[in-house]
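Colleague: I would like a close look at one part of this model. Please take the ligand site and keep it brisk.

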Amino acid sequence: MTITYFITGTNRGIGFEFAKQLSEDPNNNVIATTRSFAKATALKDLNRSNLHIVEYDVASPLETMKQDLLPLEKYAPDGVDVVIHNAAVCKNTIKPILQVNEAELNEHYAVNATGSVKVYQAIFPYWSKKFNPETAKKFIFISSAGGWLTNFFPIPTSHYGSSKAALNHIVRHIAFDHKSSDLDHIQKSIVFAVHPGVVETDLADPYIAVITERNYQVPIITSEESAFSVIKIIQKLKEDDDDSFITYEGEKGTW
Ligand SMILES: NC(=O)c1ccc[n+]([C@@H]2O[C@H](COP(=O)([O-])OP(=O)(O)OC[C@H]3O[C@@H](n4cnc5c(N)ncnc54)[C@H](OP(=O)(O)O)[C@@H]3O)[C@@H](O)[C@H]2O)c1
């Protein structure tokens, strides 16, 4: 039976690799979102019949986001099994909090934190629609070690890191809410946050410069490697992985 994936932010970076690698398997039905069809050349060039591209901006009002998902009635008639919410923004964050301005804070919170709540709310009717005997329902939020509180990552992540810390709390709250769901498959669903590694993408360029300059011993990986590792984790998830933070290396850690 087909497994249907819904992935946000797939026109480039790690999100593109999720869409590419998952749609290589013809048993997967992949719905991949982008802010603009025009920017989704690489996705379109894959030209796969099991890959459906939907325009979706997580900074839009919730009602617009719900409207944007109407094509899922056609692309995912039995609902969505696995959500990978990957889209995020990270701009000009290598600086002390003292220098962050309100517009930067608002943008990062709007996309990375509030946007994640709206993604969950908008996709929920499709994700909760129907139990698929092939897989548990899974909801993956791509977070970041930059949002850890207990294991504070010693690198300046200012407004980006704090927006991911807010996301981590949102993930835990969603997992908590599901425990009292009326739907058995939602009670048993697996919700988790993942750190995809330090990955060579546009987003991480400034961080990689800092890591290199300070000679931190942190592996730097490609988008292909990151998506490959996270997909393996997603496929092996078990019920007790619900409500956890996992790194791309498969280590369960503190938040
Ligand atoms: N790269 C790393 O080292 C690293 C480390 C830790 C965590 N992460 C996380 O991994 C995820 C992917 O990051 P990446 O490195 O692949 O970043 P990236 O190359 O900058 O890609 C970000 C993606 O998010 C999309 N996006 C941004 N704002 C959006 C919005 N308002 N609505 C919808 N989509 C939006 C972008 O679309 P546009 O092209 O339209 O801007 C793009 O597709 C993010 O959640 C990031 O926080 C990355």
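How many nonpolar, polar and charged residues does the shell around the ligand have?

Modeller: The shell around the ligand has 14 nonpolar, 9 polar and 5 charged residues. Here Ala, Val, Leu, Ile, Met, Phe, Trp, Tyr, Cys and Pro count as nonpolar, Asp, Glu, Lys and Arg as charged, and the others, Gly among them, as polar. This is a predicted model: local features need pLDDT of at least 70, side-chain atom pairs count only at pLDDT 80 or more, and totals for chains, interfaces and linings use all residues. Numbering starts from 1 along each chain as its sequence is written.

Around the ligand there are 28 residues. Gly9, Gly13, Ala88, Thr201 and Ala204 come nearest. A residue is near a molecule if its C-beta atom, placed from the backbone, lies within 6 Å of it.

Now the elements behind the shell. Helix H1 (13–23) and strand S7 (198–199) each supply at least two residues. The largest share, 3 residues, comes from H1. Helices (H or I, at least four residues) and strands (E, at least two) are DSSP runs, numbered from the N terminus.

As for the setting, the protein chain has 9 helices and 10 strands. Of its 255 residues, 41% count as buried, that is, with 20 or more other C-beta atoms within 10 Å of their own, C-beta atoms being placed from the backbone. The C-alpha atoms of the protein chain fill a box of roughly 50 × 40 × 35 Å, taken along the principal axes.

Notes: A residue is buried if 20 or more other C-beta atoms lie within 10 Å of its own, exposed if 12 or fewer, and partly exposed in between; C-beta atoms are placed from the backbone.
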